[in-house]
Amino acid sequence: METVLSGIRPTGNLHLGNYFGAVKNFLRMQQEYNCYFFIADYHSLTTHPTPADLHGGVKQIFAEYLACGLDPEKATIYIQSDLPEVAELYLLLSMNAYVGELERTVTFKEKIKKQPDNINAGLLTYPVLQAADIIIHKATKVPVGKDQEQHVEMARKFANRFNHMYKVDYFPEPHPFNFGDNLVKIPGLDGSGKMGKSEGNGIYLYDEPSAIKKKIMRAVTDSGPTEPNQEVAEPIKNLFTIMEQVSAPDTLQYFKEKYASCEIRYGDLKKQLVEDVTKFTTPIRERINEIKSDESYLTKVAQMGAEKARESARKTIKEVREIIGFKPF
Ligand code: TYM
């Protein structure tokens, strides 16, 4: 059976972009594949969280994963830093990753613009650590949103390079996966770009209905279509994209037709979106609260996940060490 792996950074709560770009696919995948889903807490250190924020963030995302329906009996759910083997594979792979290619990574270029006072080496080698996450379990399928496509491509490159360098056929090739459909990009509410944690343009699964309402009612729009069947303007297309995920197909159709005939009222569109997003997130928010208050359950699930994930990681590291030439005397 093929192995699936994906992760999420514990910086801020899960938003609709995380959910519809990645987590939604995890749910079907855990039924059909050997799955590893983890919380990328090593990766989150690139933004220097305080110890309290780091710990709180990991716990929150762990509870959110479970509230979304990830099932610890079906998938291996774990915390990245519970696997020191990942850090070792990252070190080994980094000898084999070139500064030039890392500097050309789109996310690196974006990050150094965003945090010019903190351009640490971890930001540069971020894709190497991500490759270690993926190939340590020999995953071939990686459910991610569109924004992570290049990172998965780099993981593939590093896996192939390792095989080539040591003349082995050891690591299989990982590929992004969305059940044959295109990877998803959920836009932000600010009219441009993707919904993101650091962009401040997101709707979180954990948002209270009042916050959802405020955010959607404030979302960027334009002055409206001026002629029939004109191409939908970017900010409105973005609202339609979110609607496509949370609303009934005929609701979306209704508003698209209203747009095409220039009769659309953005206030009505937004009200509908508030209603549908709230309906979608409310049961999840309630489950997050229930799960978060059950410390012993969270501890049990984290221990179980760490044990299962370590077993697989240990095996890989042992074999990789031998391939490289670290052999006991
Ligand atoms: P992160 O934490 O930024 O996002 C987690 C997942 O959510 C997806 N995503 C989106 N999808 C569609 N539209 C959006 N607006 C949107 N925003 C986020 C991301 O594509 C991702 O699938 N580097 C990763 C974490 C990671 C990882 C891995 C992922 C570390 N190691 C190994 C896969 C495999 C990240 O920062 O995701």
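Predicted model: local features only at pLDDT ≥ 70, side-chain atom pairs only at ≥ 80, totals over all residues.
## Helix α3 and the glycine after it

Residues are numbered from 1 along each chain as its sequence is written, and side-chain values use heavy atoms, with hydrogens and water left out.

α3 itself covers residues 51–67, 17 residues in all, and reaches 24 Å from its first C-alpha to its last, close to the 24 Å expected at 1.5 Å a residue. That expected span is 1.5 Å times one less than the number of residues. Its buried residues include G57, V58, F62 and Y65; buried means under 20% relative accessible area, exposed over 50%, and partly exposed in between, using a 1.4 Å probe and protein chains only.

## Helix α14

α14 runs over residues 295–324, and its 30 residues reach 42 Å from first C-alpha to last, close to the expected 44 Å. Among its buried residues are L298, G305, A309 and I317. G325 follows α14, and its phi is positive too, near 115 degrees.

## Two buried loop residues

N118 sits in the loop between α6 (106–114) and α7 (121–124), and is buried at 15% relative accessible area. A polar atom of the N118 side chain lies 3.2 Å from the backbone oxygen of T46, and a 2.8 Å polar contact joins the side chains of N118 and N120. (A polar contact is a pair of N or O atoms within 3.5 Å; within protein, one must be able to donate a hydrogen and the other to accept it, and residues adjacent in sequence count only if both atoms are side-chain atoms.)

Y204 is in the loop between β5 (175–176) and α10 (209–217), and counts as buried at 16% relative accessibility. Leaving out residues up to four places away in sequence, Y204 touches N13, L14, H15, G196, K197, K215 and T281, where contact means heavy atoms within 4.5 Å.

## Around the ligand

Of the 28 residues around the ligand, R9, Y126, D133, D147 and I186 come nearest; a residue is near if one of its heavy atoms lies within 4 Å. A polar side-chain atom of Y126 is 2.8 Å from a ligand nitrogen atom, and one of D147 is 2.6 Å from a ligand oxygen atom. I186 uses its backbone instead: an N or O atom there lies 2.8 Å from a nitrogen atom of the ligand. The ligand alone exposes 700 Å², and the protein buries 98% of that, with accessible areas from the Shrake-Rupley method with a 1.4 Å probe; for residues, only the protein chains shown count as cover.

Key
Helix = DSSP H or I, 4+ residues; strand = E, 2+ residues; numbered from the N terminus.
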